Amino acid sequence: MSDINELISGITIAELERDPHPFYERLRAEAPVAFVPALGMYIVSTRELCLEISRAAEGWPAVISAAGGRTFGPGALLSANGDAHRKLRGMVEPHLQPSAVDRYVDDLVRPFARKLIAGFENDGAAEIISAYCEPVSVRALGDLLGLDDVSHDTLRDWFHKLSVSFTNAAVDDTGEFANPDGFIPGDEAKAQIIAHVDPKIDRWIEHPDRSAISHWLHDGMPEGQTRSREEIYPNLYVFLLGAMQEPGHAMGTTLAGLFSRPDQLERVIDDPTLIPRAAAEGMRWVAPIWSAVVKVAEQEVTVGGVTIPAGSPVMLSYGSANRDENAYDAPTAFDLDRPVIPNLTFGGGMHACAGTYFATSVVRIALEELLEVLPNIERDTSREVSFWGWGFRGPTELHTTWEV
Ligand code: V55
């Protein structure tokens with residue numbers, strides 16, 4: 001077995017994107033707080049330390065990774081603290097509260113899900129990520145935001161480009177980005193987004209409607225004023241990346257997990273009230289936002305025996321925390337029956353995901369519709385399941401078959 005320090009100094013982002021789990025298993029056991037040169041950041045990998053830092057009331061303000069900041073620009077709620085953070089949460093939360101979501105989510109998701117399934121149910125086979133998980137995920141949020149005129153292929157292209165830019169985290173030994181060209185896709189997506197959304201904002205300013213972006217512009221503003229585009233866009237990018245991509249990852253991961261336990265899949269199909277449990281376990285097993293959250297040590301601080309200098313960014317690897325051997329038995333296995341122990345899939349503390357209930361509802365409804373129409377769905381075992389990603393992770397392809 002290689003020396004842990006050699007492992008840490010040699011690790012690359014590309015390797016982590018292929019499969020982060022073996023590296024983080026070593027970190028949890030041997031270096032739960034570790035400075036990783038390829039990232040220019042400390043990584044915290046255990047559940048206990050991730051929980052502690054995410055919940056800390058003081059000393060650990062939120063920041064955004066350098067690559068994330070380069071992608072979203074200043075002003076995203078991910079890196080806001082105090083009053084600025086409260087205001088931005090106040091802007092996005094009205095549409096995401098459970099009572100609001102329950103009023104609209106069935107109409108938002110079910111008809112489109114049914115239409116997609118009707119389009120492939122007689123084929124007997126589908127690559128279910130691109131045929132179903134991704135389009136359901138992006139269409140639901142796209143319609144909620146007021147982007148019903150953007151095709152699901154375009155929304156998918158945008159989240160993908162923003163995602164590769166956000167996670168283009170590698171730095172060289174001077175701390176500069178190792179792959180500056182890796183931000184070009186994100187810059188292209190943002191140019192397209194602005195070209196499309198700017199005229200819509202012009203209209204929403206004069207003619208408010210029920211869409212989320214229209215509310216972001218108007219809610220809580222003095223009469224005759226609207227929020228500036230400088231405030232709207234970075235937060236719109238947050239939604240167009242994570243909130244677009246991750247429900248799709250969660251659906252695909254949950255299906256892949258269930259395919260790994262055919263007995264458990266059968267039970268879920270016989271009793272769809274088990275779907276939320278299956279999705280929660282799927283999202284524990286492979287956290288869709290695997291390693292994207294960063295805090296900064298306000299003062300010099302010692303964590304897990306490691307002294308971190310003031311001002312150091314520290315990445316909380318929630319996907320690793322969710323596989324912590326000290327909290328979960330056989331953490332690498334998908335298991336519907338494992339005891340429900342809270343996990344870090346939706347983060348924790350003040351910055352815990354604002355979209356938890358929305359995302360969970362979209363995933364649940366998508367799986368309900370799919371498994372109802374295709375109760376005999378199974379994995380095409382002649383094809384590999386290919387998971388990919390370190391910052392964000394999920395199956396890129398999941399080939400399925402069923403009897404017609
Ligand atoms: C995060 C969440 C996002 C995103 C980028 O928590 C990073 C990390 C919900 O969207 O777009």
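Start by selecting the ligand: the space it takes is the largest cavity (on a 1 Å grid over the protein atoms alone, a set of points where a 1.4 Å probe fits but cannot get out). The model is predicted, so local features need pLDDT of at least 70 and side-chain atom pairs count only at pLDDT 80 or more, while totals for chains, interfaces and linings use all residues. Residues are numbered from 1 along each chain as its sequence is written, and side-chain values use heavy atoms, with hydrogens and water left out.

Next, select the shell, with a heavy atom within 4 Å of the ligand: F72, L78, F166, V238, L241, G242, A243, I289, V293 and F392. The ligand alone exposes 300 Å², and the protein buries 84% of that (Shrake-Rupley method, 1.4 Å probe). By class, 9 shell residues are nonpolar, 1 is polar and none is charged; Gly counts as polar in this scheme.

Now show helix α12 (residues 229–259), which supplies the largest share of the shell, 4 residues. Helices here are DSSP runs of H or I with at least four residues, and strands are E runs of at least two.

A backbone N or O atom of V238 is 2.7 Å from a ligand oxygen; for G242 the corresponding distance is 2.9 Å.

Move to the open sheet of 5 strands, ordered β1-β2-β8-β5-β3 with mixed pairing. β1 (33–36) and β3 (62–63) are at the edges with a single partner strand each, so one side of each lacks a neighbour in the sheet.

Finally, select β5 (residues 293–296) and β8 (residues 313–316), an antiparallel pair with 4 bridges; pairing requires at least two DSSP bridges. Here V294 stands opposite M315 in β8.

Methods:
Polar contact = N/O pair within 3.5 Å; in protein donor to acceptor, adjacent residues only side chain to side chain. 1 Å grid on protein atoms, 1.4 Å probe; cavity = no way out; pocket = protein on both sides within 12 Å on 5 of 7 lines; lining within 4 Å. Sits in = over half its atoms within 2 Å of the grid points.
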